[in-house]
Amino acid sequence: MSSEKKELLTTNRKALTINLDGTRYGTIAEIGAGQEVARVFFQAGSASGSIAKTMSAYDMTFSDAIYGKAPRYVSRERLQTMLHHEYALLKERLSDKRGDRTRFFVFANTVAAKSAKVADGHGWLGIRFQHEPLAEPSEIMIHVRMWDKKNVLQQEALGIVGTNLIYAAFYYLDDPEQLITSLADNLGTDRIEVDMLKLTGPAFRHVDNRLLALYLVKHGLTNAVLFSPGGEMLQPSEAFYNRPVLVERGSFRPVTHVNVDMLNCATAQFLQEPTVKGKDIVVLMEITMNNLLADGELDIADFLSRVDMLGHIGFTVLISNYSEFYRLSTYFRRYTKEMIGIALGINTLLEIFNEKYYEHLEGGILESMGRMFRHAVKLYVYPMRAGASARLVTAGTAPQECAGTAPSELITAKNVHVAHHLRYLYRHLLENNAIDSINGFNEAYLAIFSRDVLRMIKEGDPAWETLVPARVAAVIKSRQLLGYAPKPAVTGA
């Protein structure tokens with residue numbers, strides 16, 4: 001985004017600009033929370049310059065007759081059907097008359113606003129449009145959550161974010177980051193959340209959807225985004241809905257045998273939990289936003305490389321701004337009532353018991369633990385050797401070796417030392433099965449640390465390849481990631 005501050009256009013001005021443009025013409029179709037976007041365009045004036053048709057098929061029988069039957073009316077599938085149906089009609093009826101000089105568009109939404117039956121308003125919004133006359137259409141689809149407490153305010157927010165989306169599709173194609181930030185114009189992130197976004201078509205040929213998803217988190221439009229192993233952005237409520245979730249968080253710079261072994265072992269134990277057996281679980285790796293920042297700046301290439309590496313070995317990836325673990329477990333609770341498992345190492349476990357992270361909470365560390373472990377949350381702790389290159393950090397103290405352990409002794413969840421005054425809190429969690437040691441791990445991997453592997457890559461030490469999965473090594477070498485540089489070929493004298 002340009003460093004030069006841009007004037008924030010009012011919602012009315014955005015709609016009026018489009019109405020007066022004269023080259024954009026289309027349909028607005030809305031289901032579920034009034035015709036709020038259409039209302040904005042009509043109130044702005046000169047709507048005949050951009051609107052061919054508005055409609056709202058509220059009755060399910062009418063909606064099904066127009067768009068076909070749907071198992072869910074507030075869904076991505078329903079939005080896609082609306083966009084394609086209305087766009088086909090637009091082209092069929094108006095192409096001959098004005099197709100060579102007009103950029104056609106269809107905006108649609110399907111929304112459930114707050115009501116007696118709906119606790120939290122949410123919905124799907126999208127636009128199918130031509131970025132130039134006669135071009136094949138491109139699409140933007142987003143999923144939003146509306147946080148206003150009153151229905152009428154949610155309707156207002158929907159009209160604003162819908163107008164923002166249409167304006168962004170028309171005027172911010174050359175600035176993807178502004179396209180993202182503008183979705184919250186005249187609203188703020190306290191009224192609206194955008195937790196899923198997908199751009200397709202010729203207008204976005206050179207745009208990486210993963211990068212745009214990262215901007216959503218960076219600019220506070222959502223707290224977390226989810227990627228499939230193939231790099232496609234997933235909608236959290238679809239991915240997590242009433243499924244047990246197991247997550248490992250880390251920096252993954254790069255992904256090592258330890259990371260994979262930790263999650264594989266934790267998965268085997270998670271699947272044996274009485275409340276998880278026989279259920280379809282979600283397993284993922286998570287990177288916090290502060291792990292993606294270097295000197296306060298976002299390293300885009302580094303971010304994409306880590307998502308690629310995890311995807312190449314088949315893992316779903318979550319990017320979040322949840323530094324505290326209790327906020328991560330609360331996030332999953334928005335979507336599922338099933339068990340949540342978190343795989344982590346000894347040093348990370350000790351960080352959880354560092355009270356400095358909870359000074360902003362009135363109840364301090366006790367409040368954080370109450371939030372994190374409520375409703376079936378369990379930590380699976382991967383062991384480490386005392387005296388290993390990553391020195392143990394006892395919670396609330398300076399780095400030190402774990403007291404009372406021999407240099408090569410195995411440190412597990414059962415014998416690790418937390419700060420003295422927290423030992424009974426830790427014992428309570430351990431004895432009540434909220435914390436457990438990971439079993440079946442590969443002892444040969446305990447000496448592997450990501451930072452050592454990263455240093456070896458940068459120094460050209462070929463031994464690093466033995467410390468990461470083969471597919472990760474192949475990606476690092478083929479794309480020259482993380483400072484890797486192939487050695488020049490040796491030529492004969």
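**Helices, pockets and backbone**

Visitor: Are H1 and H5 parallel, perpendicular or oblique to each other?
Guide: This is a predicted model. The axes of H1 (residues 11-21) and H5 (residues 151-171) cross at roughly 45° and come within 9 Å. Angles from 65 to 115 degrees count as roughly perpendicular and angles under 35 as roughly parallel. The H1 and H5 pair is therefore oblique.

Visitor: Which residues of H1 make the contact with H5?
Guide: The crossing of these two helices, H1 and H5, is left-handed. On the H5 side the contact is made by Ile160, Thr163, Asn164, Ile166, Tyr167, Phe170 and Tyr171. On the H1 side the residues are Thr11, Lys14, Ala15, Thr17, Ile18 and Asp21.

Visitor: How do H7 and H10 lie: roughly parallel or roughly perpendicular?
Guide: H7 covers residues 209-218 and H10 covers residues 300-312; their axes are 11 Å apart, at an angle of about 115°. Angles of 65 to 115 degrees count as roughly perpendicular. H7 is therefore, relative to H10, roughly perpendicular.

Visitor: How many polar residues are there in the contact of H7 with H10?
Guide: H7 brings Arg210, Leu211, Leu214 and Tyr215, which meet Ile300, Phe303, Leu304, Val307 and Asp308 of H10. By class, 7 of the residues in this contact are nonpolar and 2 are charged.

Visitor: Which residues of H16 does H10 touch?
Guide: H10 also packs with H16 (residues 470-479), at about 140° and with the axes 8 Å apart. That pair is therefore oblique, and H10 passes H16 in a right-handed crossing. From H10 the contact takes Asp308, Met309 and His312, and from H16 it takes Arg471, Val472, Val475, Ile476 and Arg479.

Visitor: Which element gives the most residues to the lining of the largest pocket?
Guide: The largest pocket holds about 1200 Å³ of space. Its lining has 41 residues, and those nearest the centre are Arg249, Gly250, Ser251, Asn347 and Thr348. Elements that give two or more residues to this lining include strand E9 (245-249), helix H9 (257-270) and helix H12 (346-352). The one that gives the most, with 5 residues, is H12.

Visitor: How many charged residues line the second largest pocket?
Guide: The second largest pocket has a volume of about 590 Å³. It is lined by 21 residues, with Arg72, His122, Arg145, Ser237 and Tyr241 the closest to its centre. By class, the lining of the second largest pocket has 7 nonpolar and 7 polar residues, and its charged residues number 7.

Visitor: Where is the residue with a positive phi that is not a glycine?
Guide: Most residues other than glycine have a negative phi. Asn242 is not a glycine, yet its phi is positive, at about 50°. Asn242 is placed in the loop between H8 and E9.

Visitor: Is the peptide bond from Arg253 to Pro254 cis or trans?
Guide: Most peptide bonds are trans. Pro254 is found in the loop between E9 and H9. The bond from Arg253 to Pro254 has omega near 0°, and it is cis.

Key:
Residues numbered from 1 in each chain as written. Predicted model: local features only at pLDDT ≥ 70, side-chain atom pairs only at ≥ 80, totals over all residues. Heavy atoms only, no water. Axes fitted to C-alpha atoms, helices over the stretch in contact; angles between N-to-C directions. Helix = DSSP H or I, 4+ residues; strand = E, 2+ residues; numbered from the N terminus. Parallel < 35°, antiparallel > 145°, perpendicular 65-115°, else oblique. Left-handed = near helix turned anticlockwise from the far one by under 90°. Contact = heavy atoms within 4.5 Å. 1 Å grid on protein atoms, 1.4 Å probe; cavity = no way out; pocket = protein on both sides within 12 Å on 5 of 7 lines; lining within 4 Å. Points joined across faces, edges and corners; volume = space filled by probe spheres on them. Nonpolar A, V, L, I, M, F, W, Y, C, P; charged D, E, K, R; others polar.
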